Amino acid sequence: MSTDSERYVFEAEWHDKVACITRNFLLYYYLSDNSVELYDLKTRKTFLRKTKCEGVDESNFYVGAVVTIFARSMKLISFADFSTKTRVLHKIQKTLGIIMPELHDKIGEILKRILAENFKIGNLKMVHLSREDAMDFFREKGDNSTLMLSRITSGPIIALELLGQDCISRWLELIGSNDISEIRETDSPSLSAFYEKYAGENTFYGSISETADQDIKFFFPDPKSEKRELPNTSTIKDCTCCIIKPHAVQSRLEGDIIDEIIKNGYLITAMQLFHVDPVNVEEFLEVYKGVLPDYGAMVAELQSGPCIAMEIKHKDESVNVPVEFRKFCGPMDPEIAKHVRPDTLRAKYGKTKVQNAVHCSDLPEDGILEVQYFFKILS
């Protein structure tokens, strides 16, 4: 019999696409062997006996996470006992990080550094704050914070929900001082010190302990709450769609892929992390049904965890973005790509025809439609 110290217990929900209902469970996760067990709260019966589950570990289990259990995307909605809450909150903190507009073309580099420092990205969204929204965000933070109003509203920012042990203090330490004079007097390895030469001071924001939860909810409100979600930055014009697939996100490759995209002359004009449910995945990929033999596996992959969707443009407005970006992604099969197009994204970061790092729009007319699907329908 397992003790409380050897397991976590969460309340979880799963959308059953066959019955078109949301089902609620107790999800037990056993730390000793990465096994899981599901108990159906409505029928009061065991839904899944204790079974080892590949592809998950302790870091996947926190409130708000979506965990894939044998192709079922389970959202962890609350702690089911006090012991789980105490131990998880001790190990995993959450904080909000913001990358300011001046560093837009350095997003990939910065994300690589964040991931290398062992932070987990729980949520991500590009937004352009109005002055009213910015004032609302800073209202409870003291007069000095208003000095950042012009900076934070000058263009699109990247809001990040970061997770990890001692996450709040480690993020503040990583971004370092925002004071240019202080930066220049020290030999700091911080992000602010490195990027000050590109953008000046106040290039990053990090929450303090007292405001972290409130800050996160401002940018990433609970869908069940009444808080208005901040609009994304999509333009739905002269663009194409790119999705960093779940396996690449789970392998912490999003920084590398975004960095490659930017350094090859493309612009990312909207970006957001999504957990796409099975019904929406099938709808999005329906064009491949009956056409590609791997359709079922493609559906399973895209619903297997978080993905990052992007609206892509190019610095040169004469470029046919859907056509050229598809070439930049490379052939669907990474093995073929490695031989004929070794500099493409799929050649560098893909694993198989299904886990090929990125999805991109196949046809020019599909680019805008796919961007609309993610940033107007799902967002």
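User: Which side chain does the side chain of Ser 361 join through a polar contact of 2.8 Å?
Analyst: The model is a predicted one, and in it Ser 361 sits in the loop between β14 (358-360) and α16 (364-378). Among the residues that Ser 361 touches are Asp 366, Gly 367 and Glu 370. The side-chain partner in the polar contact of 2.8 Å is Glu 370.

User: Is Ser 361 buried or exposed?
Analyst: The relative accessible area of Ser 361 is 1%, and the limit for the buried class is under 20%. Ser 361 therefore counts as buried.

User: Why do the buried residues of helix α5 lie on the same side of α5?
Analyst: In helix α5 (residues 167-175), the buried residues are Cys 167, Ile 168, Trp 171, Leu 174 and Ile 175. They lie on the same side of α5 because the arc that they cover around the axis is only 130°.

User: How far apart in space are Val 279 and Asp 16, C-alpha to C-alpha?
Analyst: Val 279 belongs to helix α11 (residues 278-284), and with a relative accessibility of 38% this residue counts as partly exposed. In sequence, Val 279 and Asp 16 are 263 residues apart, whereas in space their C-alpha to C-alpha distance is 9.3 Å.

Terms used: Residues numbered from 1 in each chain as written. Predicted model: local features only at pLDDT ≥ 70, side-chain atom pairs only at ≥ 80, totals over all residues. Heavy atoms only, no water. Buried < 20%, exposed > 50% of the residue type's maximum accessible area, 1.4 Å probe, protein only. Helix = DSSP H or I, 4+ residues; strand = E, 2+ residues; numbered from the N terminus. Arc of directions from axis to C-beta. Polar contact = N/O pair within 3.5 Å; in protein donor to acceptor, adjacent residues only side chain to side chain. Contact = heavy atoms within 4.5 Å. Lists of a residue's contacts leave out its neighbours within four places in sequence.
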